[in-house]
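Here's a quick briefing to read with the model open beside you. Start with the ground rules, then follow the barrel strand by strand.

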Amino acid sequence: MKKYLKILTAFLLLISVFCLAGCNPKAKVQYISSSKEGDAVYVAEMICEKNLSSTVSIYSSYSENGENVYGTGIILTENGYVLTTVYSIFGSYTEREISALPILSGNIVVSNNGSFVKVNLAVVNIDFKSGLAILKITDNDKVFVPVTLETENLPVVGEYTASLVNAKAMGISAVEGYISKLYVTRNLSDTEITVNNLMQVDIRANEGSFGGGLFNNKGRLTGIILDRQNTANTSSLDPIYNITYAYDIERIIDYINTGNYGFKIGA
Amino acid sequence: MKRLGKLFMLSAALILSIAIFAGCTTTVTEKVYVENGFVYEAENIAKENISSCLAIEVIYDSILATKTLTGSGFIISEDGYVITNAHVIYGDDWEGAGSTYPQNLKSITGTIDNGDGTTQSYNLTLVAKYNPYADLALLKMNLGEGETVKAVKFRDSSTAKYGEAVLMIGNPKGLGISAVRGIISQPSLTDNSSSPAKEYILLDIAMNHGNSGGPVFDKNGFVIGVAAMRYKTSAASSSDSSIDLAVGIGYAVPSLLVQKFISTLNLEGLEVEFSVIEE
């Protein structure tokens with residue numbers, strides 16, 4: 001009896017080993033169409049195609065000292081309201097230093113060869129506390145393509161994101177990455193302003209990238225690039241890569257809709 | 001006997017657990033982005049093209065010193081013509097070098113990664129450098145009698161789009177052939193900061209020293225550009241920490257310029273044809 005139990009046990013253990021070796025999960029590939037209908041997943045190329053004409057490269061010119069500042073903006077309405085950052089208009093600033101508004105202009109890319117239309121812009125609101133600003137395209141004869149807001153899902157860590165930015169004033173360029181962290185509190189670069197509930201994104205941000213929209217894999221706006229960790233602010237030449245900060249869509253909607261700027265979004 | 005009974009029960013429990021586990025995890029869903037019927041898979045593009053990519057080492061030898069330059073290149077014909085950057089051969093002052101053969105050039109070696117942990121090295125000869133409008137040079141592999149090598153396919157760079165996925169294969173930091181994924185940031189950029197102005201494709205990619213001359217493949221595995229340089233700031237060679245460093249901005253010479261370069265050489269049987277995918 002003892003012998004038979006031993007044989008049976010050995011047999012069962014052998015079966016276990018075979019089971020373990022044989023139950024290698026088979027990968028099932030789910031192909032996702034590039035169709036822009038419904039909930040199709042967008043890759044960077046499709047995100048860019050959808051949002052290129054909703055992105056403005058912004059240039060600010062100061063007649064008093066000849067200084068030029070540049071950044072990026074997102075078109076929110078068909079009549080040309082643009083969301084950007086204070087830094088994109090004023091560069092390094094403190095509230096008390098700003099004495100004059102610049103002459104603002106912008107370019108909107110209209111094709112893959114980089115050709116663009118020029119527009120003029122005016123300041124609607126500057127919010128030093130949040131670092132956000134609203135501009136209005138003053139070319140009233142044109143109809144613009146607004147971004148689509150992501151109002152159904154909040155951003156999550158690890159989520160794919162792509163952006164269109166005017167990095168180094170080289171014109172609009174595409175970058176991509178992932179959401180690294182949520183609920184970050186940070187002192188905005190070159191200011192004494194502390195902001196909270198920022199998203200941290202693993203995305204390249206250079207001078208001029210601020211104000212660029214973050215888009216999810218449905219091509220919808222999930223945030224706006226506000227600030228970054230900057231090698232120039234460190235004491236060594238060890239470069240800092242892809243630590244970029246952004247407001248999420250809730251904060252954007254809140255900023256627009258609690259003010260009285262002549263339009264509302266996300267309703 | 002009691003111990004054997006316990007062992008029996010344990011085995012039975014183990015089998016039951018495995019059976020439940022296997023039942024729950026037989027399928028793992030993986031999302032694959034499909035575009036116009038083609039699947040972008042870096043792995044396949046690398047597998048298909050790795051044997052057409054070379055790690056290049058250029059050695060200069062003079063009485064005063066020995067200098068080594070490293071870069072990348074790729075094969076454009078079965079008889080072993082190779083494209084790289086002019087600056088990989090001539091150094092940073094490639095624009096002013098004219099078309100003259102570089103002085104004290106001792107050897108150019110290209111190494112192919114066989115993908116199985118082994119490599120194969122070839123001697124290369126400098127055939128030509130392009131004019132100052134594009135950072136390109138043509139080399140020729142010294143192949144054996146009747147020996148052929150695998151060449152890449154090209155795509156017309158004027159069809160490039162914002163955000164397109166790309167795969168760059170090169171020899172960063174002289175560490176050997178490796179692949180890096182990125183996207184096209186800007187399909188067409190004119191760089192007016194140098195004279196004459198130059199055309200580039202701008203990339204959002206991790207480009208390092210040594211990637212220069214390497215192919216940039218599109219999502220279908222066609223070469224759309226040649227990795228050439230990255231955005232530089234003076235801080236890269238300075239101890240001034242107040243200077244803002246740019247990150248992740250790479251430049252590639254468009255394939256259209258490679259085609260123009262090759263056509264100016266009038267080499268028999270050598271031309272760059274663009275592949276087209278029917279959509």
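Predicted model: local features only at pLDDT ≥ 70, side-chain atom pairs only at ≥ 80, totals over all residues.

Two strands count as paired if DSSP finds at least two bridges between them. Strands (E, at least two residues) and helices (H or I, at least four) are DSSP runs, numbered from the N terminus. Residues are numbered from 1 along each chain as its sequence is written, and chains are lettered from A and ligands numbered from 1 in the order in which they are written.

**The barrel in chain A**
- Six strands of chain A form a closed barrel in the order S8-S9-S10-S13-S12-S11, with antiparallel pairing.
- From one strand to the next, the twist averages 50° (axes are lines fitted to C-alpha atoms, for helices over the stretch in contact, and angles run from 0 to 180 degrees between N-to-C directions).

**Strand pairs to look up**
- S8(A) and S9(A) are antiparallel and share six bridges; A:Tyr160 has A:Tyr178 in S9(A) as its bridge partner.
- S11 (residues 213–215) and S12 (residues 221–228) of chain A run antiparallel and are joined by three bridges; in S12(A), A:Ile224 is the bridge partner of A:Gly213.

**Helices on the sheet**
- Helix H2 (residues 44–51) of chain A packs on the sheet and touches S8 (160–165), S9 (173–187) and S11 of chain A, with its direction at about 45° to that of S8(A); contact here means C-beta atoms, placed from the backbone, within 7 Å.
- Helix H4 (residues 249–258) of chain A also packs on the sheet, touching S10 (194–202), S12 and S13 (244–248) of chain A, and its direction makes about 55° with that of S13(A).

**How H2(A) is enclosed**
- Six of the eight residues of H2(A) are buried, so the helix is largely enclosed by the rest of the structure; buried means 20 or more other C-beta atoms within 10 Å of a residue's own, with C-beta atoms placed from the backbone.
- Among the buried ones are A:Met46, A:Ile47 and A:Cys48.
- The buried residues pack against S2 (55–61), S8, S9 and S11 of chain A, together with S9 (165–170) and S10 (178–191) of chain B.

**Chain B**
- Chain B has four helices and 14 strands, and 41% of its 279 residues count as buried.

Terms used:
Contact = placed C-beta atoms within 7 Å. Buried ≥ 20, exposed ≤ 12 C-beta atoms within 10 Å, placed from the backbone.
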